[in-house]
Amino acid sequence: MPAAPSPAADACNGIFLSYSYTGGAQLPPTLKSNPTRQPYRFESTITILNNGLDPLKSWKVWVGFTHEEYLVSASNAILADGTSLPAGVGNGTVFAGYPSTDLETAIETAGDLTQMSTRIDLVGTQFGVGLPTIPMPANISLANDGFVCPKPTMQGKSEMQVCCTKDPKFKTNITSDDGFLPLQNGDLTIMYDVIRTYDSNYWAQVTIANHNPLGRLDNWKLSWDWMRDEFIYTMKGAYPHVLDASDCIYGQQGQFYKELDFANVLNCQRRPTLVDLPLERTNDTTLGMIPFCCRNGTILPPSMDPSKSTSVFQINVFKMPPDLNRSQLTPPQNWKINGTLNPDYQCGPPIRVSPSQFPDPSGLPSDRTAFASWQVVCNITQPKGASPRCCVSFSAYYNESVIPCKTCACGCPSTSTRTCSTTSSALLLPPQAILVPFENRTDLANAWADLKHFPKPNPLPCGDNCGVSINWHLYTDYSRGWTARITIFNWDETSFADWFTAVEMDKAAPGFQKVYSFNGSSLSGANNTIFMQGLPYFNYLVAETDGVNPEKDPRVPGKQQSVISFTKKNTPGIDVVGGDGFPTKVFFNGEECSLPTALPTNNAYRKGSTISFSVLIAILVFTLMQDSHGRRRGSLVL
């Protein structure tokens, strides 16, 4: 039975929230010399009470932690961003209900507090706040759409309260006739549809759909937490990354399912990781034969190929007591999905929605309805402290030097066998230098700095450490139009099939005309973004390979290149050389790349024709040598 609500709750005709600090103690070690790092245990309680007229579906509460809190446990809730406990929540976090996700009204329950309210008991560690000071959060509020929460009030020193009410200006997100929330929008959505159910197990179909025009996944890996001791018996269209039934054999699953042959069980991990199957398994009668399966983990943007923007698989899940009836269905929680050189996604909790409908497999003109459906919404995010995984260099016809990718653009290793500076700006380079790996550029960079009288820091700057780099070269500028050349280098061990890149041009995009060696178009809904992908049969960016003589020759990056033309008719007043001819954002396979902080200067404008001629020679030489796997690399194809 939940505790009686605070008297202040009676005056709230909305959603009443309270956060109460209930206790704590100092933890070892004792850090007298650094009290701000002294750890303390804290125990707190969050109470949520629905005093409104309408049920609160899929409740979510924001708690603004500010003391580097490390949360160890939370009853009746999960972290809404899909993070499993224990976890750091020092920048604040959103809690979502589990296993109960909805709060009913007093009217519908005759004032039954067990259905109207929930209580979250928190246990964790905070830093630097010892008694008699109480480590309270900065704020608490309801995170559901359509509510407004005033600044919370303090009741003494250890309790914070707030009453959130419906926002009259908010357009109501009306639930469907069956009482479920409508489908939500997001960069990526995952449907968990139960399509067959039995007393001890069920089959679910999982559909991953990409909705972001620049979002993408390669070699996707999907993970979640089983909350009711479930385990995976078999799958079609995908497979566990690790085949392991040991947790079942030595656990309560093995004790209950004594007659089950666990040699056939695919995975018993509490948090399994699932991967897509390769293309050749598409028509495999045991593992494949699922529409939209088996694409080696590639999910493309719908703007690139709608038929390849979805991935589907089916999973057979065995349940444990007391859930042994066909109507007791619980989805997994704490969803995470990621790929290789792709954006980072943050996924919310599964939300119960109206049962999905599928075409009848018999071919009859009717639909078959799932027994239960949940939707997980994932959005692209930039984790704090995360580094990009691609970078951009700038060059121009009027300047002989290339502005390379920034130092440590994609991060620097914590330890290095050589000494280099992680803070010094990258050295300006001769054009041919960015055709070779960073470790082969030192002599070229030093010689160029000496020739041009550029300063050289000691130690020299570290490299960019990016698997993919993109050079944007301003090639020509005439009275009626101008051109740029984009070159994509793959320095990684992994090739990219169906690659794409996109450039955001704040002022120049309306003048976009044509991409000559790629498929290029203005991105629908984003007038300042140009989307480019490889032509049919040329949409493969190969991995870095050895030179002809690995003992002497530098490794050779995979490379794709094209000229892009622009007209000035639609962009009067554009200053191409002054900066308008350079992108403000660049994406590769959905990942936003690091940009230089400076642009090429035009104090060498008079040398443009000479550089252009030498560049044309470099293009020819480089292409011939690449085709013949030549031993030395020429000047940059700018």
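Domain bounds here come from an automatic or database domain assignment. On that basis, colour the chain as domain 1 (9-166), domain 2 (188-381) and domain 3 (390-412 + 420-593); the centres of domain 1 and domain 3, taken over C-alpha atoms, are 47 Å apart. This is a predicted model, in which local features need pLDDT of at least 70 and side-chain atom pairs count only at pLDDT 80 or more, while totals for chains, interfaces and linings use all residues. Residues are numbered from 1 along each chain as its sequence is written, and side-chain values use heavy atoms, with hydrogens and water left out.

Next, select Ile195, Gln205, Gln314, Phe358 and Pro359, which are the closest to the centre of the second largest pocket among its 20 lining residues. A pocket is an open set of points on a 1 Å grid over the protein atoms alone, where a 1.4 Å probe fits, with protein on both sides within 12 Å along at least five of seven lines, and lining residues have an atom within 4 Å of a point. The pocket holds about 610 Å³ of space, a volume being the space filled by probe spheres set on the points. Strand S13 (188-197) gives the largest share of the lining, four residues; strands are DSSP runs (E, at least two residues) numbered from the N terminus.

Then move to the open sheet of four strands, ordered S17-S18-S15-S20 with antiparallel pairing, where two strands pair if DSSP finds at least two bridges between them. Its edge strands are S17 (238-240) and S20 (333-338). Finally, show S15 (residues 221-225), which four bridges join to S20, and find lysine 221 opposite asparagine 338.
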